[in-house]
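Reader: I'm new to this one, so please pick one part, the charged side-chain pairs, and take me through it slowly. After that, carry on to whatever else is worth a look.

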Amino acid sequence: MKIALAGNPNSGKTTLFNAITGKTEYVGNWPGVTVEKKEAFLKAKYQLSKSKVRIVDLPGAYSIAPYTGEEAITRDFVTGEKPDVIINIIDASSLERSLFFTTQLLELGIPVVIALNKQDILKRHGDAIDSVKLADLLNCKVVETVANKEKGIKRLVEVAIETASMKSIQTSPGFGLYLDSDEDNDRQKFTSMVAQECHVSNRDTNEISLSDRLDRIVAHKWLGLPIFFLVMWAVYAFSIEGLGGFLSEYLNETVFGEIIPNAANAFFEGIGVNPLLQ
Ligand SMILES: Nc1nc2c(ncn2[C@@H]2O[C@H](COP(=O)(O)OP(=O)(O)OP(=O)(O)O)[C@@H](O)[C@H]2O)c(=O)[nH]1
Ligand SMILES: [Mg+2]
């Protein structure tokens, strides 16, 4: 059995790959880390039956229509080598953007299981995604994960193997309802509808964060500019008259006026240089 890991750059594919295969492929917190496909067998810990399961980590892609060479590797693999199931890793903190690629994967006919990753970041922001609704709207299984803490991984692998074993053909959610002449526009309208429907905010709307409060003051329509000039003046005054003034006076009068000349004279006297040359 062959399981492909596909998703947007930086969504956590390689982190998941390492966790379920025991490999130590390079992981980094920026997009474009993986530039070629990597393959390994599933760790015994996650193995459900005797048949070997091959996991393929792919470079990140925003679309099935490749823009970069790495995206072409991903497109060629999922369309050409037909894995038994695709685990589509989604960064839950940027759901709407991720769903563009997801909808394209759902059209390939290959079974798709979504790993709704980085749940910890979402929760830290006081947000959540209704994964049951998401599964319903996209017509595929969704499992919540935190790949770097190995949370939800066992369940994800189980669901992926189960889905692949059923050998059913994935049906796409059919967003053509919008009847826009441009397919990408249709797709975008669909993804923003899905993201809105599934977004659950647990944030207290009365609770305003410190940075929001500061923003309200420094970016105020009338107060913004005076505050900007005041800050610039304070920086200028501090550097010229404050610490800057003190330092330049100290360097001129003490370091270059006394310490260095005295030390140089003492050195030249010490080595017996003619006073005319000192
Ligand atoms: N907070 C948090 N960070 C995660 C999670 N999963 C992965 N990361 C971090 O996200 C970053 C990107 O992870 P990668 O595994 O390199 O992502 P990728 O999808 O392989 O990225 P590309 O190879 O560039 O496509 C790393 O810093 C991971 O440690 C998660 O569930 N929560
Ligand atoms: Mg990677």
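**Charged pairs and beyond**

Author: Let's start with Asp76, which is partly exposed at 41% relative accessibility (buried means under 20% relative accessible area, exposed over 50%, and partly exposed in between, using a 1.4 Å probe and protein chains only). This is a predicted model, where local features need pLDDT of at least 70 and side-chain atom pairs count only at pLDDT 80 or more, while totals for chains, interfaces and linings use all residues; side-chain values use heavy atoms, with hydrogens and water left out. Residues are numbered from 1 along each chain as its sequence is written, and chains are lettered from A and ligands numbered from 1 in the order in which they are written.

Asp76 has a partner: its side chain meets that of Arg75 in a salt bridge, 2.8 Å from N to O. (A salt bridge is a side-chain nitrogen of Lys or Arg within 4 Å of a carboxyl oxygen of Asp or Glu.) Arg75 is partly exposed too, at 29%. In the whole structure, a search turns up 10 salt bridges.

Now for a pair that reaches further along the chain. Lys2 and Glu81 join their side chains in a salt bridge, with N and O 4.0 Å apart. Lys2 sits in strand S1 (residues 2–7) and Glu81 in the loop between helix H2 (69–80) and strand S4 (85–91), so this bridge ties together parts 79 residues apart in sequence. (Helices, H or I with at least four residues, and strands, E with at least two, are DSSP runs numbered from the N terminus.) Lys2 is buried at 14% relative accessible area, whereas Glu81 is partly exposed at 38%. These two also belong to a network of salt bridges that links Lys2, Lys37, Glu39, Arg54 and Glu81.

Glu150 and Lys45 make another salt bridge, and their closest N and O atoms are 3.9 Å apart. Glu150 is in the loop between S7 and helix H6 (153–166), and Lys45 is in the loop between S2 and strand S3 (54–57), so parts 105 residues apart in sequence get tied together. Here Lys45 is exposed, at 54%, and Glu150 is partly exposed, at 37%.

Several of those strands turn up again in the sheet. It is an open sheet of 6 strands, in the order S2-S3-S1-S4-S5-S7, with mixed pairing (two strands pair if DSSP finds at least two bridges between them). S2 and strand S7 (141–144) are the edge strands, each pairing on one side only. S7 runs parallel to strand S5 (residues 112–117), and 4 bridges join the two. Look for Val113, which stands opposite Lys141 in S7.

The magnesium ion (ligand 2) has Thr14 (OG1) and Thr34 (OG1) as its protein donors, lying 2.0 Å from it. (Donors are N, O and S atoms within 2.8 Å of the metal, or 3.2 Å for Na, K and Ca; water is not among the atoms, so sites may look incomplete.) Thr14 belongs to helix H1 (residues 13–21) and Thr34 to the loop between H1 and strand S2 (38–41), 20 residues apart. Both are buried: Thr14 at 8% and Thr34 at 10%.
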